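This report describes a two-chain model. The sequence and structure come first, and the notes after them should be read alongside.

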Amino acid sequence: MDQQIIDLGQKVAALEAASTMANTINMEIFYWWCTALMITIHAGFLAYEMGASRAKNVLASAIKNLLAFAFVCPTFFFFGWWIYNAFPGGLTIADGASAALPWSMSMGPNLSDNATGVFWAAFALFAATTASILSGAVIERIRLTAFLVLAVILGSVIWILAAAWGWHPSGWLTTKFGFHDAAAAGCVHLIAGAFTLGVLLNLGPRLGKYNADGTPNALKAHSVPLTVVGLMLIIVGFFGFLGGCIIYNPGGQWTNIFGQPATLSSFAFNTLMGFAGGIIGGWVKTRDPFWMMSCGLVGIISVASGLDVWYPPLAFLIGTFTGIVVPMIANFIEKKGIDDAVGAVAVHGCGGAIGVLVVGVFAAGYPNVNGAPPVTFFGQLVGFVVMSLLGFVPGYAISAVMKAMGTLRVPRDVEIMGLDLVEVPIEAYPENIGRPAAETLVPTGDFGSATAVPAE
Amino acid sequence: MNSSPITSWDGATAYFTFADSGLGLWLSLIGSVALLVAIIWYGTRHESRDFAKFLKKP
């Protein structure tokens, strides 16, 4: 009998160990696939920016976008992850942050730590997404290296400092003011939009964007279909992004990043309802498929802060309202002489601001955990002000220094001829779409070659 | 080059290359930081030269 009890105890212990390991691996798998899906956001931004560029700048825009990703990932390893773990209290370094330093034993393959790598990866993708928001707005005239420096500062310093303050279980905006931002409308979208606005003020509009009397001209995207497909890819990737915003607790209920109980189902309800509302709002206001998809995106952003708590029809209404309002804001920004090539300030900045503030209007009173105050409009307003300033001030100041040094913008003649001709060794459209053909290729029947002949 | 910090998988924790070697770890880390900085510097110079070359063309 005693032996049977011992055997049973051993079996239970083995089952518990197996269950714990299975839960740990499930957690890893969940964030792994969220990260993989988030790569689709970058495929989308790539297509979107290339499409929004004129034919003479398509490949330069692609290079800029690809390098933003490539520079943000290592810099996020070097210091971004540490910033997130170090500064939730403000500007004092938190205990335990040393585990996030790049020489820590947690920052590499480690059999006793299954979590750090997948969380770091998900956050690195959030960082790259934030940097990509800047990327589209500044196309066709920013110097590549200036952009890369700005992308690293935004992606690996500014947004993650905002995340430490307002998207962290111990972030001071939450612990002191009850700030609620379940899916990062503030620290990703509002921050990126505000930073972009600061950069655009110094960068100036593309040549030909404005007439002498200040009225704007449309510098048309060379491929609207590519931009629309790109936006849809961003939406697909958004599901990975939003999945990465919820905490998988092995053996327990999901929580949002602040530790409040949540479900992935709530995210599913409200993401789709906000998205649908945004598309409809964009259609009502513009009838333009580019703006319909942009407004679909902004519909999701506008419900992101309260994604865990909205009644789905309310999310739909918020998404629709924002979808109607944001094209008007983009128009207003354009009329003020700010050339935002893809509407990033309106979509991400204003969409993020609406997302943060609307929680204070319609979701005040939700309780917090660990003694933090409940959600209030005042708390959301504080978060909005802090994040707006944290985004705008460095974006404006750093780009002003670059402008003074003459390293922010490409020379005028280079801009006129197009960046591809000057900086890129290959052509986007060798068959000469959009300009007179000097020569063209005709098939010879030999599958290994083709013959160049003068165009008729 | 033997960069393994472990000789057995039993009880292994951090097992990445140079996990137990300060020199290898720091050389890799400093090298990668220096590489990024150098590429930005080189890229700025290269871009300026490209622009100058283009602007000089008749």
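The sections below cover the basis of the model, each chain, their contact and some single residues.

## Basis and confidence

This is a predicted model, in which local features need pLDDT of at least 70 and side-chain atom pairs count only at pLDDT 80 or more, while totals for chains, interfaces and linings use all residues. Residues are numbered from 1 along each chain as its sequence is written, and chains are lettered from A and ligands numbered from 1 in the order in which they are written.

The average pLDDT (the predictor's confidence in each residue, from 0 to 100) of chain A is 93, and 95% of its residues score at least 70. Over residues 436–456 of chain A, pLDDT stays under 50, and the model has 19 contacts beyond four places in sequence for them. Two residues are in contact if their C-beta atoms, placed from the backbone, lie within 7 Å. Where pLDDT is low, the predicted coordinates should not be read in detail.

## Chain B

Chain B has 1 helix and 0 strands. Its radius of gyration is 21 Å, well over the 10 Å that the globule rule gives for 58 residues, so chain B is more spread out than a compact globule. This radius is taken over C-alpha atoms, and the rule is 2.2 Å times the number of residues to the power 0.38. Helices (H or I, at least four residues) and strands (E, at least two) are DSSP runs, numbered from the N terminus.

Along the principal axes, the C-alpha atoms of chain B fill a box of roughly 70 × 20 × 15 Å. Of the 58 residues in chain B, 2% are buried. A residue is buried if 20 or more other C-beta atoms lie within 10 Å of its own, exposed if 12 or fewer, and partly exposed in between, with C-beta atoms placed from the backbone.

An unreviewed UniProt entry places a "transmembrane region" at residues 23–43 of chain B. UniProt positions are in the numbering used here, feature names are shortened, and annotations may be inferred rather than shown by experiment. In the model, this span is 100% helix and 0% strand, with its end C-alpha atoms 29 Å apart.

## Chain A

UniProt, in an unreviewed entry, lists "domain: Ammonium transporter AmtB-like" at residues 30–424 of chain A. Those residues are 67% helix and 1% strand, and their end C-alpha atoms are 39 Å apart.

Within chain A, helix α9 (residues 289–304) is largely enclosed by the rest of the structure, because 15 of its 16 residues are buried.

## Contact between the chains

The contact takes 24 residues from chain A and 19 residues from chain B. On the side of chain A, the elements giving two or more residues are α2 (58–86), α4 (144–166), α13 (412–417) and α14 (419–423). That side has 15 nonpolar, 6 polar and 3 charged residues. Ala, Val, Leu, Ile, Met, Phe, Trp, Tyr, Cys and Pro count as nonpolar, Asp, Glu, Lys and Arg as charged, and the others, Gly among them, as polar.

Gly379(A) is in helix α12 (residues 377–405). Gly379(A) is buried, with 25 other C-beta atoms within 10 Å. Leaving aside neighbours within four places in sequence, its contacts are Phe177(A), Gly178(A), Phe179(A), Gly360(A) and Pro373(A).

Most residues other than glycine have a negative phi. Glu140(A), not a glycine, has a positive phi of about 80 degrees, and lies in the loop between α3 (116–137) and α4 of chain A. Ala184(A) also has a positive phi, near 65 degrees, and is found in the loop between α5 (172–177) and α6 (185–203) of chain A.
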